[in-house]
Amino acid sequence: MIVSLHVATGALGGSLIRSRLGSLPLGLLLHLAGDRMPHEDIADRDFEIGSGIAAVLLLAAVRGPFDPAVTGALAASSPDLEHVVRFLRPGGRKHFPSHRLHGWHRSGGVPAPVQLFLAGFLIGIILRSG
Ligand SMILES: [Zn+2]
């Protein structure tokens, strides 16, 4: 799943559960679920990183940096850091279950533009409900 939608679903989970601590495992579970959903990815890594960071900063600016929506967003998007940061995958091995288990990450299905629209829509709702 694209990074900004991981951010958005994690933020939604955090804002619903209203617990900073609870938002962390929930965010990781949402990442697993998001990667399981058949989806298109965006090959443009700069766009993925940039849009993810922008979404987190926007949430933090409006809801406050320690709001459960923000911690949930960080937890839900953090597993994808290992795609980017080399030292997180020594020997080229990835660790997060949805990246490691063959067949978990499913391609095809929900197109990237739809995910992007959904991410913007969800983040808009979360910002307004703050
Ligand atoms: Zn992932």
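Two residues are taken to be in contact if their C-beta atoms, placed from the backbone, lie within 7 Å. In this predicted model, contacts of this kind join helix 1 to helix 3: V3, S4, V7, A8 and A11 in helix 1 meet E48, I49, S51, G52, A55, V56 and L59 in helix 3. Sorted by class, the residues of this contact comprise eight nonpolar, three polar and one charged.

Two packed helices are described by the angle between their axes and the distance between the axes. For helix 1 and helix 3, the angle is about 25° and the axes are 7 Å apart. Helix 1 is therefore roughly parallel to helix 3, since angles under 35 degrees are counted in that way.

Helix 3 itself comprises residues 45-63, 19 residues in total. The distance from its first C-alpha to its last is 27 Å, close to the 27 Å expected at 1.5 Å a residue. Within helix 3, the buried residues are E48, S51, G52, A55, V56, L59 and R63. These residues lie on the same side of helix 3, because they cover an arc of only 130° around the axis. They pack against helix 1 (3-17), helix 4 (68-77) and helix 7 (112-129). On the face of helix 3 turned away from this buried side, the exposed residues are D46, L57 and A61.

The segments on either side of helix 3 were also examined. Just after helix 3, G64 adopts a positive phi of about 95°. A43 belongs to the loop between helix 2 (20-36) and helix 3. With 8 other C-beta atoms within 10 Å, A43 is exposed, because a residue with 12 or fewer such neighbours is placed in that class. Although A43 and I2 are 41 residues apart in sequence, their C-alpha atoms are 9.6 Å apart in space.

Helix 7 is one of the partners of the buried side of helix 3. The buried residues of helix 7 are Q115, A119, I123 and I126. Seen down the axis of helix 7, these buried residues fall within an arc of 65°, so they line one face of the helix. They pack against helix 1, helix 3 and helix 4. The face of helix 7 turned away from its buried side carries the exposed residues P113, F117, F121, G124, R128 and S129.

Note on methods: Residues are numbered from 1 along each chain as its sequence is written. This is a predicted model: local features need pLDDT of at least 70, side-chain atom pairs count only at pLDDT 80 or more; totals for chains, interfaces and linings use all residues. Helices (H or I, at least four residues) and strands (E, at least two) are DSSP runs, numbered from the N terminus. The expected span of a helix is 1.5 Å times one less than its number of residues. A residue is buried if 20 or more other C-beta atoms lie within 10 Å of its own, exposed if 12 or fewer, and partly exposed in between; C-beta atoms are placed from the backbone. The arc is that of the directions from the helix axis to the C-beta atoms. Axes are lines fitted to C-alpha atoms, for helices over the stretch in contact, and angles run from 0 to 180 degrees between N-to-C directions. Angles under 35 degrees count as roughly parallel, over 145 as roughly antiparallel, 65 to 115 as roughly perpendicular and the rest as oblique. Ala, Val, Leu, Ile, Met, Phe, Trp, Tyr, Cys and Pro count as nonpolar, Asp, Glu, Lys and Arg as charged, and the others, Gly among them, as polar.
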